[in-house]
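Here is a short report on one protein chain.

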Amino acid sequence: MRRRSFLAVAGWLVTAAVATLIGVAAIRWVGESIAGTPGGVLSQEEVERALAAPAPTTAGGASTSPTGSAPHGERRVFATDGGTAVAECGPDGVWLVSWVPAQGYRVSDVDRGPDDDVEVAFTGPAGKFELKVRCVGREPVAVEDDD
């Protein structure tokens, strides 16, 4: 009887281990196919380089800016504790190319532009972080919010 109990426990443990391994493999496979990033997770430096890369162009070579006007000035990445934004200066003023909240934060307000100045606000557990950008010459610069 004792040997039978031992075999039953051993069989249960082997079955549980195999089922766990199959479950972990299935979750990993499904997770990568649904939300995985090709090539793995990006570092902060890789994200900043990707955000600072030139905007894609259409087949005719025209810019994908909100106004469709060209040429553009310099593009810069701005980071706060609440998130990151990319701004660019153009003939119609400054505009936000993109913005991404940090983990645990959300975008609570955004004025994309183009305009004399643009703003994005990130709200999260440590409070609200606002970023305001203007063009100085053809270069976007962060400025204090004068509201």
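## Threonine 84

In which strand is the place of threonine 84? Threonine 84 sits in strand E2, residues 83-90. Strands (E, at least two residues) and helices (H or I, at least four) are DSSP runs, numbered from the N terminus.

This is a predicted model: local features need pLDDT of at least 70, side-chain atom pairs count only at pLDDT 80 or more, and totals for chains, interfaces and linings use all residues. Residues are numbered from 1 along each chain as its sequence is written, and side-chain values use heavy atoms, with hydrogens and water left out.

Threonine 84 counts as buried because its relative accessibility is 12%. Buried means under 20% relative accessible area (1.4 Å probe, protein chains only). Contact means heavy atoms within 4.5 Å. Leaving aside neighbours within four places in sequence, threonine 84 contacts several residues, among them Gln44, Leu51, Trp99 and Phe122.

## The nonpolar core

A nonpolar core is a set of buried Ala, Val, Leu, Ile, Met, Phe, Trp, Tyr and Cys residues joined through side-chain atoms within 4.5 Å. The largest one has 12 residues, including Phe78, Ala85, Leu96, Val120 and Leu131. E2, E3 (93-101), E5 (117-124) and E6 (127-136) each supply at least two residues of this core.

Alanine 85 touches Phe78, Leu96, Val120 and Leu131, among others, not counting residues up to four places away in sequence.

## The whole chain

The protein chain has two helices and seven strands. Their order from the N terminus is α-α-β-β-β-β-β-β-β. Of its 147 residues, 22% count as buried.

Notes: Buried means under 20% relative accessible area, exposed over 50%, partly exposed in between (1.4 Å probe, protein chains only).
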